[in-house]
Every structure is written in structure tokens, then in C-alpha cells.
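Trainee: I would like to go through the terms behind this model. Please show me the structure first.

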2 protein chains.
Amino acid sequence: MSILVVGTVAFDAIETPYGKTEKIVGGAATYICIAASFFSKKINLVSVVGDDFPSKTIRLLNNKSVDTEGLQIKEGRKTFFWSGKYHNNMNSRDTLETQLNVLEDFEPKVPKKHTTSEYLMLGNLMPSVQKKVLAQMKKRPKLIVLDTMNFWMDHYLEDLLEAIKEVDVLTINDEEARQLSQEYSLIKAAKKILKMGPTYLIIKKGEHGALLFNQEEVFFAPALPLEEVCDPTGAGDSFAGGFIGYLEKTQDISFENMKRAVIYGSVLASFCVEKFGIEKIEKLTEKEIDCRLKNFVKLTSYNI
Amino acid sequence: MSILVVGTVAFDAIETPYGKTEKIVGGAATYICIAASFFSKKINLVSVVGDDFPSKTIRLLNNKSVDTEGLQIKEGRKTFFWSGKYHNNMNSRDTLETQLNVLEDFEPKVPKKHTTSEYLMLGNLMPSVQKKVLAQMKKRPKLIVLDTMNFWMDHYLEDLLEAIKEVDVLTINDEEARQLSQEYSLIKAAKKILKMGPTYLIIKKGEHGALLFNQEEVFFAPALPLEEVCDPTGAGDSFAGGFIGYLEKTQDISFENMKRAVIYGSVLASFCVEKFGIEKIEKLTEKEIDCRLKNFVKLTSYNI
């Protein structure tokens, strides 16, 4: 059993009301792999970086059971770079700069031994790349999760709709769910989106938690209220990594188990935002995860 | 055992993206009393209206076990009137018109037999009026809940802080918690506010649920995701009514029971917003409440 993760491995420069970073390591797949590594011991990465990317980070991933054979390192080229500034409420941000660099002409290549991975996490990336990865899978994975964002809805909707049609779980935020469905009510939005292909939909609401839908049911998991939110970057990816990591570990893709996976995803996201970049999650211990999980249970449990 | 409710009984004219009303019956105390009446059979109202207020509504309250002896009806005067327009996301609104009318010189008079009520709900109103009611209580109620809003923080902060000092539970929304505490993080905000007097704090987050705090614990209850939100007016008051009504019914003011009361408050609020004004909650049945409670439990339950 293993998880194939495709997504960006990148540099970010981030400004939030709590501070500002130089170029630091980021990227959807980086967060996903690290978060999933607390549950799964077989993670396969498909991505691309330039030769400016630190080998230290690749070693970090390898130490966390991430097989980086599918990570292309382009000689003489530069890694994808994104720079952004969060507004005061941390719920919205402005992109200051995007340098696509190696992403411009990225052709994902899934190593042959990874084409039978049973769990596939299509991290936020061009829908055409997500589709190319899907096409390379030798057999249909047991579970395909796709994360995306408004940018692809604005510019590559057709590609995105084709990709969405093929997946089991779609994860987007509330504004994106509204955009994709043209419905304000999230209940109505979910109904429409579930007709587009996926069996499950996760609507991420940031500090307001996450909703998990299938055709008949809905489950809500809050976000843990935190004393300090330092940097929201990667929260959604850490959520996705925790979610799919837990599902792979438990080998159970029932709705009941997905609820637990959503809680674990929320736990990982709650750590992610406490420091800039991957600083917090790269050093996380199982004990910390267990302890926070208990806080989640305490936060939400009642008898009625 | 009984609940004393003080707050406005009023006329509203409301505009939302879903429609527009003429002058309809509203007011914090109206919503509180109706919501509480599903749990408590002894509710005492202290408020004021003009002689333009429909006796039909007073009869409705009486039929719902509300004793209106403390409701002053001012001859030749007009009832408090508020008119507002909600923005597209329903989270913010503009006040179009406020006619204080009988509220201008309102002197609350708690009927003697109600000065020993064991539960006191100080609905959103001038803090000076809330204080005058407190001063008329013959013995300290078992539980005092105070609801307020940013307007009083802006203009009557000193009075408000004095009132808050005397109460057990303060209910405000997230923006108001931030304003009152000068802290963005709701965890930090709660810590500061709990030092101002109340033992419990409820932070209402509208469609994003509610948080219940004491010094050591925090509990989160989501709002039920709804297909249609027609009019948010009175949601917070219906929440407060359901909350204190359930506490009075169960005669248990432990944190564990307050969690249940928060859930019942959310159930009542979820009905309130489905139609304009009191239209939905005035005709609610116990069966509907039980059914929605089950939906809440389903929405939030997981085993981990």
C-alpha cells in the first residue's frame, strides 16, 4: 500500500501580520508529504524542482518515508517561486509574485513502480498535470483525492472539470465551492458539485473548520481555536496530507472513517499555521499529534 | 423556577437578498421569549411598547407561558422601530432607520413577584437598562446571562463594563469579542473577557457556529448548514432563548449542561433564520426541534 502525491515543491516568501520570511521551502506536495508521513510509511512524490532546491529538504522528505524518485531535478533551472502577503484577518491574501520557472513545462513522470499506488493525492496544480498523472496510473487507485483552487477555475475550468470527473474526493474552500457551483448555500453547492463526479466533497473553511459531504450525509469538523496563527500557507495541504495519510494507514475509505481522517487533517493543519512554512510540521512528534487530537475531541464532545 | 427576560419588543423592517418585509414584529426579547418557551413554562417579560403594538402578539406570548405583567404599554406612544438591510453574504448589515420611540425614556419595572426569578436574561439593550433590572432583583439570580452588541461598546462602554461585571454568562459575536478585548485571536479574547467578570463567555460566529468558554475549557458547536438562510435577524436572540430556556428546564448550570444548552440554542437559531422575523419560530413544534437536534448530533458525531 502506498500514496502517490503530485503537487508543487517550491519556494515561498510570505508576509503576514506576524512577520515576514525570506525565500523558504514550500509547495503543496511538500506539506502534503510531511503531513501524510505521520501516518503512512510509503509515500511516493511526483514533482519538479530546479537545481537551486536544497538537497537538505529532499533528504528530510526521504527520512520521512517519502520516495523522491519521481521528483525531477532540472539542471540549470529554477524552482517555482511564489510570494504573497496575507491581510489582517489571514483569510485573504495578495499574490505579490509568481515565477513559474520549472513548472512552465512540467511533464509529470510517474516512476513505473509507483503507477500502482493505491492512494493518489493530486495536490493543487495545473489540472492538465493532474490529468497526466491520472493517465499514467496502471490501475485505478482505490482512492483519488484532488485539491484545487480558484485560479484554475478562472483560467482552466474545462481541464479542471475533466479531472474532477475522475476523482473520489474533491477538496476546495468555501469560496471556491460557491464559485464552482454558482450557489451561495454550501448545502446546495455540495449537491451540485457531487453531480460533477466526486463521491465525496470536502469544503475547507479555514479557521471555521471543514465540511465533509457525500450524497446522503454531511459531517462538520471545527478548526481548533488557536492562540497564535502565524502563517496560513500550507494549511489546506497539511489537511489533505493528514486526511489521505490516515486513510492509507487505516485502509478504510468508509464515510465513518473519512470523518476521523478529516479530524486528523484538521489536527495537522492546526500545527501548520502556528509557524511559517514547514517549520512546525517538519519537527512534529506523534505525542504532540495525540495531545492535540485529545483537545479536538474535548472541543467537540457533548452528550445529548 | 422562572426566567426573567428583559429586552426590546419592537417593529422591524428587513431587507435581505431573499426579500423584503413591511413593518413586522421583532425585538430581542420577543425572540428570546418565544425560543425559551419551548423549554420553560415560566417566563417573565420586562419591556416596553407603544399602543401601536398588536395585542395579538402579546396574546401569542401569553399562550407561550410568557407573563407580560412587566411589559409596559405606553398610551399615545410608538413602539421601537428598526429597519435594516443585509448584504449579500448575510454576515453584515446596514441600519437604514432607528426610531427609539418608547425606548427613549424606558424605565424598566420588574413586577414584585418576578424579582426573585432564578434565571435572568438581559437581552441586547442599553446597558443602563440592564443595570436597572439587575438592581431590582430581590435576590441574586442563580444565573444571569447578558447579551450585547458593538453599538453599546462604541457609545456606552463604561456602563456596559459595569453590567458585564455582574453577570455569569456573556454572549457576543466574534467581532464584538475582538472589539471588547482588543485581541484578534478568539482564545486570547476569551481569556481577557473572562477577567472582566463573567464566568462563561459565548462567542457567536453566525453561520460558523458558537464557542463556549470558561477559564479552563472551550466547547465548539457548529451552526447547521442550511439550504436557505432567509433572514438572520433574531438568530442570536433565539440562540440565547434556547440556551437559557434549556438551562432553566434542566436546572443544571454545569459546563457539561451548558454545552447541551448551546446546541439547543443553535437549533433554535437555525430555525429562526429560515423565515423572516418570528414567522418560523412562533409555529415551531417539539417534533421539529427533536428532529433538527438529531441532525446536529449526526453532523458532529464521530468516534476516534
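Mentor: Start with pairing: two strands pair if DSSP finds at least two bridges between them. Helices (H or I, at least four residues) and strands (E, at least two) are DSSP runs, numbered from the N terminus. Strand 2 of chain B and strand 3 (residues 19-20) of chain B share two bridges, in the antiparallel sense. That meets the cut-off of at least two, so they pair.

Trainee: What kind of model and numbering is this?
Mentor: The model is predicted; local features need pLDDT of at least 70, side-chain atom pairs count only at pLDDT 80 or more, and totals for chains, interfaces and linings use all residues. Residues are numbered from 1 along each chain as its sequence is written, and chains are lettered from A and ligands numbered from 1 in the order in which they are written.

Trainee: What joins strand 2 of chain B to strand 3 of chain B?
Mentor: A hairpin does, through two residues. B:Thr16 stands opposite B:Gly19 there.

Trainee: Which other strands are joined by bridges to strand 2 of chain B?
Mentor: Strand 4 (residues 24-26) of chain B is joined by three bridges, antiparallel. B:Asp12 faces B:Ile24 in that strand 4. Strand 7 (residues 81-86) of chain B is joined by five bridges, parallel. B:Phe11 has B:Phe81 as its bridge partner.

Trainee: Why is strand 2 of chain B called largely enclosed?
Mentor: A residue is buried if 20 or more other C-beta atoms lie within 10 Å of its own, exposed if 12 or fewer, and partly exposed in between, with C-beta atoms placed from the backbone. Five of the seven residues of strand 2 (residues 10-16) of chain B are buried, so the rest of the structure largely encloses this strand.

Trainee: What makes strand 6 and strand 14 of chain B edge strands?
Mentor: Nine strands of chain B form an open, mixed sheet in the order 6-5-1-9-10-11-12-13-14. Strand 6 (66-74) and strand 14 (218-221) each have a single partner strand, so one side of each lacks a neighbour in the sheet. Inside the sheet, strand 1 (residues 3-6) and strand 5 (residues 43-50) of chain B run parallel, joined by four bridges. B:Ile3 stands opposite B:Ile43.

Trainee: How do you know that the two copies are related as by a two-fold axis?
Mentor: Copies are superposed by least squares on the C-alpha atoms of residues with pLDDT of at least 70 in both. A rotation of 180 degrees with 0.0 Å of shift along its axis superposes chain A on chain B, at RMSD 0.0 Å. The two copies are thus related as by a two-fold rotation axis. In chain A, the C-alpha nearest the axis belongs to A:His208, 3.0 Å from it.
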